[in-house]
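Reader: Hi! Could you walk me through this one in simple words?
Author: Happy to, let's have a look together.

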Amino acid sequence: MAECHPVGYQWVMEARARGAKVFHIDPRFSRTSATVDRYLAIRAGTDIVLLGALINYVLSNGLDFREYVLAYTNAATLVNKDFRDTEDLDGLFSGYDEETGRYDPSSWAYEGDVPEEEEPVEGGGHHAEAAGSDSYGARGAGASATPPADPTLTNPRCVYRILKRHYSRYTPEMVEELCGIPPERFHELAEAITANSGRERTTAWVYSVGWTQHSVGVQYIRAASILQLLLGNMGRPGGGIMALRGHASIQGSTDIPTLFNLLPGYIAMPHAHRHDGLDHYLEREGADTGWWGNRRAYVVSLLKAWWGDAATEDNDYRFDYLPRLTGDHGHYATVMGQIDGTVKGYFVVGENPAVGSANGKAQRLGLANLDWLVVRDLMLVETATFWKDAPEIETGELRTEDIGTEVFFMPAASHVEKEGTFTNTQRLLQWRERALDPPHDCRSDLWFFYHLGKRIRRRLGDDEIDRPVKELTWDYPEIGEQRDPDAEAVLREINGTGPGGRLLASLRELKPDGSTSCGCWIYCGVYADGVNMAARRTPHTEQGPVALEWGWAWPANRRILYNRASADPQGRPWSERKKYVYWDAGKGRWVGPDVPDFEEDKAPDYVPPEGAKAQDALAGTDPFIMQSDGRGWLYVPSGLSDGPLPAHYEPHESPVRNALYGRQANPARRTIDRPENPYNPALSPRFPYVYTTSRLTEHHTTGAMSRPLPYLAELQPEAFCEVSPRMAEELGLENGGWATIVTARTAIELRVLVTGRVRPLRLNGRTVHQVIMPYHWGYSSGGVITGDVVNDLPSIVLDPNVYIQESKAGTCDVLPGRRPRGTALLDLIERYRHG
Amino acid sequence: MGGGRLSRWPVIRQLKGEDGRGQAARSARTDALRPRVEGAETVARSVCPYCAVGCGQLVYVKDGKVTQIEGDPDSPISRGRLCPKGSASKQLVTHPGRQTKVLYRRPYGTEWEPLDLETAMDMIADRVVRTRRETWQQTHEGQEVRRTLGIASLGGATLDNEENYLMKKLYTALGAIQVENQARI
């Protein structure tokens, strides 16, 4: 965090100055490690072992926050009698199909819930659908708001007992054997987090892509969620699980998603085989209880925002205009489509996949097989210039004269040359003012897509397939000489309007009858009463620490999600010290320094009437209002594709055998078995080292926004790998010299940095060396500095829930000296693959 | 400060034991120096474009040029601070290596060629319309899908919400579903 989010880290340092104990758990010793109470070096790809052992420590010592756990989680809920755990099946959950490598999740459901019929998709069998929206997670396989439960926690089929049994094998000894963390260090951590949780205290966890970029990535986060729920650390000040995101508005681009599986506000894109009309879609996409129960209002308002008067009740509000999914249409599937020739045209907008995505060669082979490519950026990034300077040109695998891709480089406006909102890592929208016009041909992406849309509409005829574009609401005021569309007008459309064009103040005003329109229901209220709330700038010196008058956080300007849980079931603060949002019986509402993430006037003793829907079906003691049962889910009965509980599996490429189960890697992981994507065999002596990739303070992602800047280039001039003195000695690597890193994909050369910060890990008497590589360099980018592409090393193997690649843990070989040039490089890789 | 010219010379004052970091370091040149931001004609309130912390920035402009970018002391997130990247962001928007003109590489071409912005926009629109029509899928395995797998898009995490919104809206209406960004990576 000190390295990649330095200014956010000032708050960690302040907390530490006030007595907070800070641990840093990371394969790599960074500026964070240098400033904490305890740094724990861990083998990359083993965090579920550590988190599982912490869960086991809590459960076997009775250290869970029992009142919180009983009232606010599904610990007491009973699970289907057909469910079988990894304990019963040596690393598999019930429902696994060896042939397809997929799970049928129906046996994971709560007792009494009838799993809905899934139509056969992708390969013929029933299986868990991946990359769903958040409404999948809340769907609960038709879960009722009050499933059968055993509050005594003695029934062997209650979640608490299942959890306890599942994690019993996650011991400190296992942590030592798999993670490389000694038992005394484990105990220090376990004692610290449990002592610092409960009524009086809270503990927070912070993670980043070190947890997500794995073939079991979603389950890493799930494991942390279980731990935090058991300790009562969710929805409370100083608690939670913070995802530190890496780009200025990557949160915003998830909320208003340029993602294949979602529509704005985490609404699922419709699926051809799962959904017919709007009614059928709504029936299947989300639970009827909890806030997703209002999804008709969210979806209809979105369709009204997009198709305006053309969207009517009679035509299902033009739900049929939405294109349908049939499976994985994610980034890596798209690249394979490029190599296969089905994807002809590609827009790359402020991203640089030739350097930033796993298996860079596959990326570039895809680019080289397009008909046309549009790259919009500030700099000539590698994705724009691959046709003349990609590594494949040097090896002879590609020839410039043979590449038919037509390339348009469209220069972008910088952040100061356009106005609009970023959503930061805390869901906070902040409006940026425009300081000046962009130079020459530089234009904002708003300008580009608006004017492109206008041109496309002019070119279309009256064909049926053109109607969704022709009828689209696409009319924004144009400002200035450059005719930039008015970003505030777009933000107002996102906020939503009611009858007569009145701007909506709250998502509660959204209606399912077509009388409201709203581009993103969770952002409704950002323009309440005609005020751009994201532009508010009351100085921090003039308001309290929650700072509600700086920008605007979704939803409804709430700063801590699920903050009803900061009070006990009766609505009283858990303690004076941790007082936050609580029930004021005199006023008849929830009060506190934050906006309550709960109906303001729903009393703690509210009991839902029989047959209640949406939020009315949740009791006054149910804080997790997006879930069908209002509870935090220790156990996930539906919505995940690789199991209801996190289990440790080794990375797809690992030098270590899985000591926990007979299953080596995630049984449901997605591999791409193609010649462009060869894998290192697991446990292969040819690839004995573990590598992980990282970032540096002085650079940003693929370097396009940092390598061309002399200030930053001078601070971190060369691509390097960091290794331990012992590894350097064993391999003859010299500090400041060169090393060649080899995987089945390719080999790259990096400068060697030998430091004691990297320690060889002792695992059950065996030594495992790790290689740490920042990935900011590339072959061009108008860079003042260049270097080999670290992301050419990882393979494409994906988490089965979200299709994120495993680039944080893989295996490699390391050789002293520079890599071979030209065809000699290909010969080297051939020898590794077949030698 | 009394005394002659020599006694006002900072070196003398520092040798005499005054604290070299304070008044004793002042010179006539120091007194003549003005902060870069002082002459700014406008100041825009902005947000750092690098990581997702969202530090406040103040962008100072004079004569149509960015003269300085500093941390916004009012921000409850950053309290005026910026990291090395945020502090270098003036260079990000002003450095001479920034590409400000449209470039075109024709199929099988070996060099970039210049291209007029309006022409480029028309050419791109032509290609979208053509590719969409050529790759249109009305049905897939007997189900209505109304889409094209011929056009894909990557990027969004560095853009504004309003930009992502228009992108998703336009792509969806066109039937392009392979729309992705860094959040998947």
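Author: What follows is a short chat about domains, chain contacts and strands.
Author: Before we start, this is a predicted model: local features need pLDDT of at least 70, side-chain atom pairs count only at pLDDT 80 or more, and totals for chains, interfaces and linings use all residues. Residues are numbered from 1 along each chain as its sequence is written, while chains are lettered from A and ligands numbered from 1 in the order in which they are written.

Reader: Thanks! Which domains does the assignment give for chain A?
Author: Chain A has domain 1 (1-41), domain 2 (45-246 + 640-668) and domain 3 (672-834). Such bounds come from an automatic or database domain assignment.

Reader: What distance separates the centres of domain 2 and domain 3 of chain A?
Author: Taken over C-alpha atoms, the centres of domain 2 of chain A and domain 3 of chain A are 31 Å apart. Their contact takes 29 residues from domain 2 of chain A and 29 residues from domain 3 of chain A. Two residues are in contact if their C-beta atoms, placed from the backbone, lie within 7 Å.

Reader: And which helix gives the largest share of the domain 2 side?
Author: That is α9(A), with three residues of the side of domain 2 of chain A that touches domain 3 of chain A. Helices (H or I, at least four residues) and strands (E, at least two) are DSSP runs, numbered from the N terminus.

Reader: Switching topic: how many residues do chain A and chain B put into their contact?
Author: Chain A gives 129 residues and chain B gives 98 residues. On the side of chain A that touches chain B, helix α19 (residues 445-459) of chain A supplies the largest share, ten residues. That side divides into 68 nonpolar, 45 polar and 16 charged residues. Here Ala, Val, Leu, Ile, Met, Phe, Trp, Tyr, Cys and Pro count as nonpolar, Asp, Glu, Lys and Arg as charged, and the others, Gly among them, as polar.

Reader: Last one: what is the strand order in the open sheet of chain B?
Author: The order is β1-β2-β3 (chain B), three strands with antiparallel pairing. β1 (42-47) and β3 (65-71) of chain B are the edge strands, each pairing on one side only. Six bridges join strand β2 (residues 56-62) of chain B to β3(B), and Val61(B) stands opposite Val66(B) in β3(B).

Terms used
Two strands pair if DSSP finds at least two bridges between them.
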